[in-house]
Amino acid sequence: MFTESSKEGELAFDIRRTIILGAFIQEWSMPEYRVILKQPEKAVNVEIYYFPAVSENDVARFSTVGLSSTLRSNGQPIGTEWMMALTYDLGGESVDRIFSYLCDLIAHHIETSRDSRIPRVMEESGLAPANWSTKAFFLDELRGESEELEEIQIGNEVVQVIWAVPVTAQEATLILRDGVEAFDSYIEGAEHSIIDPRRP
């Protein structure tokens, strides 16, 4: 049996999904798969969508819906959604493997992050896909996408969509030591694309 508060919560999430997912679909067309990360005891309900590349020259994307309304362990809402862009072949990994990795990262972020400040670097993890050389993780302002996606208005709330980027251990060190500008300069001069998770 549903209580009034649970019905209101479901409606609020449905509205959030409609607005955020609608913005993503408008930019990237229809998603192909979705997984749901649920931890009812912690009121975690995050959906992750896969938007496949339409050709070898296109970009594949994974995006969250609902992460923004999830509460951290300190009771504060996360307030952001993640978008990860990858090469069309997903760096030699399966969609399921990447979903699993993202679920691990999101669960860790919910549990350990104290605020939404970016840039943020997560150090190398053994949970990263085996075929990727980029086993660390970087959260920063959205890049390479429509400006319309940077902030999504939901009623009185503004949800920021941020860039979730697999990075190498050396790149993570560069960001932490010299800042995002040094990382951007490095990537501009690199032979491999920032969205290639197998770059050296």
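A residue is called buried here when its relative accessible area is under 20%, exposed when that area is over 50%, and partly exposed in between, with a 1.4 Å probe and protein chains only. The model is predicted, so that local features need pLDDT of at least 70 and side-chain atom pairs count only at pLDDT 80 or more, while totals for chains, interfaces and linings use all residues. Residues are numbered from 1 along each chain as its sequence is written, and side-chain values use heavy atoms, with hydrogens and water left out.

**Helix α3**

Helices (H or I, at least four residues) and strands (E, at least two) are DSSP runs, numbered from the N terminus. In helix α3, which spans residues 169-178, the buried residues are Glu171, Ala172, Leu174 and Ile175. Viewed down the axis of α3, these buried residues fall within an arc of 160°, and so they line one face of the helix; the arc is that of the directions from the helix axis to the C-beta atoms. An α-helix has 3.6 residues a turn, so residues three or four places apart point the same way. Gln170, Leu176 and Arg177 are exposed on the other side of α3. The buried residues pack against β5 (120-122), β6 (136-141), β8 (157-167) and α4 (180-189), where contact means heavy atoms within 4.5 Å. Just after α3, Gly179 adopts a positive phi of about 95°.

Ser113 sits in the loop between α2 (95-112) and β5, and Ser113 is buried, with a relative accessible area of 2%. Leaving aside neighbours within four places in sequence, Ser113 is in contact with Arg72, His108 and Arg120. Gln153 belongs to strand β7 (residues 151-154) and, not counting residues up to four places away in sequence, touches Ile19 and Val158. The polar contacts of both residues are tabulated below; a polar contact is a pair of N or O atoms within 3.5 Å, of which, within protein, one must be able to donate a hydrogen and the other to accept it, and residues adjacent in sequence count only if both atoms are side-chain atoms.

| Side chain | Partner | Distance |
|---|---|---|
| Ser113 | Arg72 side chain | 2.8 Å |

The C-alpha atoms of Gln153 and Glu56, which are 97 residues apart along the chain, are separated by 33 Å.
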